[in-house]
Structure formats: structure tokens, C-alpha cells
Amino acid sequence: MRVLVIHGPNLNLLGERQPEIYGRTTLVELDDFIAAAARELGVNVDCVQYNGEGEIISAIHDARTRYDGIVINPGAFAHYSYAIADAISSVQIPVVEAHLSNIAGREAHRRISVTAASCVGTVSGFGQHSYVLALRALAQNVEK
Ligand code: DQA
């Protein structure tokens with residue numbers, strides 16, 4: 001099983017960006033953490049990060065023939081990108097949304113995810129574990 005993990009905008013600055021919210025783990029460390037969990041699950045994982053909406057949409061399109069599923073943290077795009085929501089709806093492979101912080105408990109504009117409705121499910125609020133839980137859920141979903 002092959003899974004693509006897509007990190008959205010500003011997540012390249014993890015570790016230095018608002019550490020009180022997102023923690024001190026860098027993106028490289030997060031990707032290592034995800035890779036270790038994937039190995040345990042027997043999943044082949046690739047991790048990418050894009051700041052641009054179009055790049056994320058293209059990554060979703062390209063993944064549809066190369067991967068069995070996607071874990072995506074759309075960052076702030078989750079709250080308003082109908083284009084990314086449409087891209088997720090346009091591919092047959094399952095997509096799970098992950099957020100480091102608990103978006104349901106934050107500012108009003110973060111409580112809504114317009115991309116989540118296109119996904120099979122969402123994991124939010126568990127820091128780096130959100131990605132691993134999403135990966136696990138995806139592995140289960142694909143097996144089913
Ligand atoms: C985030 C939450 C978003 O509201 C924010 O814009 C991010 C990170 C998270 O992982 O908690 O960039 O997606």
C-alpha cells in the first residue's frame with residue numbers, strides 16, 4: 001500500500017511557527033515520525049509540502065494513479081478552498097484530513113473545514129499523532 005502525505009501552506013515552518021500551538025517538532029522530524037509509523041504498518045509513504053493551492057491540487061491529481069490513499073493537512077486552505085475540496089472529490093482514492101491542532105476549539109474561522117466533507121474522515125488535535133492516526137485509519141479503510 002502506498003500513501004502520499006501532503007502538508008499544506010506554512011507547515012514548512014513547523015518548529016518555529018507558533019510553537020505554543022503547533023509544537024517544536026520540525027517538518028523533517030514530523031516526516032521521520034510518519035515514516036517510522038508507516039514502516040510499522042507496512043505502508044510505503046511519501047511526504048510532500050506545498051505552500052500553493054495549485055501545487056496541492058496537482059499533487060492530488062497525480063496521486064490518483066500512483067497511490068492507494070492520501071493523508072492531507074491542507075493548513076488554512078481547509079477553511080476556504082473549494083478547489084482543493086473539488087480535487088479530493090475528483091479522485092477515487094480515499095483521502096483522510098489531519099490537523100495538528102484541534103480546529104474545532106480554535107477561532108471561529110478555523111472551526112469549519114470545507115475540505116473535510118470530501119474526505120473519508122478527519123483527525124484533529126493530536127499533534128504529530130494526528131498524521132499517524134490518519135494513516136492507520138486510511139490503512140484500515142483501504143483494506144476494507
Ligand atoms: C492546521 C490548522 C489550520 O487552521 C492552520 O491554518 C494551519 C495548521 C493544523 O494542522 O492544526 O496551518 O491545519
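Let me begin with asparagine 10, which lies in the loop between strand E1 (2-7) and helix H1 (19-22). Helices (H or I, at least four residues) and strands (E, at least two) are DSSP runs, numbered from the N terminus. This is a predicted model, in which local features need pLDDT of at least 70 and side-chain atom pairs count only at pLDDT 80 or more, while totals for chains, interfaces and linings use all residues. Residues are numbered from 1 along each chain as its sequence is written, and side-chain values use heavy atoms, with hydrogens and water left out.

Is asparagine 10 buried or exposed, or partly exposed? Its relative accessible area is 38%, so asparagine 10 is partly exposed. Here buried means under 20% relative accessible area, exposed means over 50%, and partly exposed is in between, with a 1.4 Å probe and protein chains only. Asparagine 10 also has a positive phi of about 75 degrees, although it is not a glycine. Most residues other than glycine have a negative phi. Glutamine 18 is found in the loop between E1 and H1, and glutamine 18 has a positive phi as well, of about 35 degrees. With 34% relative accessibility, glutamine 18 counts as partly exposed.

Next, the ligand. Which residues surround the ligand? They are Arg17, Tyr22, Asn73, Gly75, Ala76, His79, His99, Leu100, Ser101, Ile103, Arg106 and Arg110; a residue is near a molecule if one of its heavy atoms lies within 4 Å of it. By class, this shell has four nonpolar, five polar and three charged residues. In this scheme, Ala, Val, Leu, Ile, Met, Phe, Trp, Tyr, Cys and Pro count as nonpolar, Asp, Glu, Lys and Arg as charged, and the others, Gly among them, as polar.

For arginine 17, a polar side-chain atom lies 3.0 Å from a ligand oxygen. For alanine 76, a backbone N or O atom lies 3.1 Å from an oxygen atom of the ligand. For histidine 99, a polar side-chain atom lies 2.8 Å from an oxygen atom of the ligand. Taken alone, the ligand exposes 320 Å², and the protein buries 99% of that. These areas come from the Shrake-Rupley method with a 1.4 Å probe; for residues, only the protein chains shown count as cover.

I turn now to serine 113, in the loop between helix H5 (108-111) and strand E5 (121-124). Serine 113 counts as buried because its relative accessibility is 17%. What joins the side chains of serine 113 and glutamate 97? The answer is a polar contact of 2.8 Å. A polar contact is a pair of N or O atoms within 3.5 Å; within protein, one must be able to donate a hydrogen and the other to accept it, and residues adjacent in sequence count only if both atoms are side-chain atoms. The side chain of serine 113 also reaches the backbone nitrogen of alanine 116 at 3.0 Å. A further polar contact, of 3.1 Å, joins the side chains of serine 113 and threonine 115. Threonine 115 is found in the loop between H5 and E5 and is buried, with a relative accessible area of 0%.

Finally, isoleucine 72 is found in strand E3 (residues 69-73). Isoleucine 72 is buried, with a relative accessible area of 0%. Thank you for your attention.
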